[in-house]
Amino acid sequence: MSASGRASKHQPLVYLNGAFMPLEDARIPVLDRGFIFGDGVYEVIPVYSRHPFRLGEHLQRLQHSLDGIRLSNPLSEARWQALITELIARNTGEDQYLYLHITRGVASRDHAFPPADTAPTVFMMSSLLLPANPALRAHGVSAICAQDNRWLHCDIKAISLLPNVLLRQLGVDAGAAETILLRDGYLTEGAASSIFIVKAGILLAPPQSQLMLPGITYDVVLELAAANDIPCHIAPVPESELRSADEIWLTSSTREVQAITQLDGQPVGNGAPGPTYKKMDQLYQDFKASTMRLPTP
Ligand code: PDD
């Protein structure tokens, strides 16, 4: 145990700037640029049977986000892998999700970048990843639509999530599980998820661009569709197609694939998870089981 001997089996151990410690002991100075400006990036990585899912892809996206904010990667890929392995081992739960967070460090408040030798802040924590509730899988969830009023670099997984937070809360206020975002009449993504639709048996998804996060689950779903003869078309999705879709799904690392069965109070298709969703949900679970349910390392 690097920092404190007090960590018990049931107390989450986090990593902060070179040491593992109980969550309650982790402190950052108030002048951290993450706190002052939201000047940083993050990742969320699911862990199944103590194996991180698509780790290489998550670390690649982290690099893309760091490049996007012009912050050097503080750790080598091998070091990230070693720390992630240690974080998983030091926390309870066969299934976890990891939160990685890097800011431009602590410096006097100035909008411009701090001196080049300012050490970035590196924080990681693990939480329990709970299996999807069976009722949710059987019935799906509801969503509302809202105008996507975020910035034009949504491909960067930035910690400055205030627009996403406000948009997500619109959904919560309406009793919905997600807010689906539309920009200039086209679907972008959810406030915290990627969105797919199914129309006449064809899976449709918006193409990757700076207007949406390159979802790791989005890629897995497209790979599974291609490998299992689910016809798929990547093209801009106008609002009218979203509203007349037979099925709508959301995907994310923590929610996997979920059917959206109500949109703005109207049923999607017949108001129940559709056949293509059921197929994809099973494919996703099978894929997870075959690649991840390995003996615990
Ligand atoms: N968010 N789009 C946005 C805006 C997101 O926040 C997320 C996930 C996704 C899906 O990406 P992925 O499949 O790689 O998880 C798309 C995470 C889970 C979060 O912020 O907690």
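Which pocket is the space taken by the ligand? The space that the ligand takes is the largest pocket. A pocket is found on a 1 Å grid over the protein atoms alone, as an open set of points with protein on both sides within 12 Å along at least five of seven lines. A molecule sits in a pocket if more than half of its atoms lie within 2 Å of the grid points of that pocket.

This is a predicted model, in which local features need pLDDT of at least 70, side-chain atom pairs count only at pLDDT 80 or more, and totals for chains, interfaces and linings use all residues. Residues are numbered from 1 along each chain as its sequence is written, and side-chain values use heavy atoms, with hydrogens and water left out.

**The ligand**

The shell around the ligand has 20 residues, of which Tyr42, Arg61, Glu189, Thr217 and Ser253 come nearest. A residue is near a molecule if one of its heavy atoms lies within 4 Å of it. The shell residues divide into 6 nonpolar, 10 polar and 4 charged, with Gly counted as polar and Tyr as nonpolar.

The table gives polar contacts, which are pairs of N or O atoms within 3.5 Å.

| Residue | Part of the residue | Distance to an oxygen atom of the ligand |
|---|---|---|
| Arg61 | polar side-chain atom | 2.7 Å |
| Ile216 | backbone N or O atom | 2.8 Å |
| Thr217 | side-chain N or O atom | 2.5 Å |

Taken alone, the ligand exposes 480 Å², and the protein buries 88% of that. These areas come from the Shrake-Rupley method with a 1.4 Å probe. Strand S3 (40–48), strand S9 (186–190), helix H6 (216–227) and strand S13 (247–252) each give two or more residues to the shell. Helices (H or I, at least four residues) and strands (E, at least two) are DSSP runs, numbered from the N terminus.

**The sheet**

Strand S3 also belongs to an open sheet of 6 strands, in the order S2-S1-S6-S5-S3-S4, with antiparallel pairing. Strands S2 (19–22) and S4 (51–52) are at the edges with a single partner strand each, so one side of each has no neighbour in the sheet. Two strands pair if DSSP finds at least two bridges between them.

S3 and S4 are joined by 2 bridges, and Val47 has Pro52 in S4 as its bridge partner. Strand S5 (residues 96–103) pairs with S6 over 8 bridges; here Gln96 is partnered by Leu128. S6 (residues 121–128) is also joined by 2 bridges to S1 (residues 13–16), where Leu16 stands opposite Phe123.

Technical notes:
A polar contact is a pair of N or O atoms within 3.5 Å; within protein, one must be able to donate a hydrogen and the other to accept it, and residues adjacent in sequence count only if both atoms are side-chain atoms. On a 1 Å grid over the protein atoms alone, a cavity is a set of points where a 1.4 Å probe fits but cannot get out, and a pocket is an open set with protein on both sides within 12 Å along at least five of seven lines; lining residues have an atom within 4 Å of a point.
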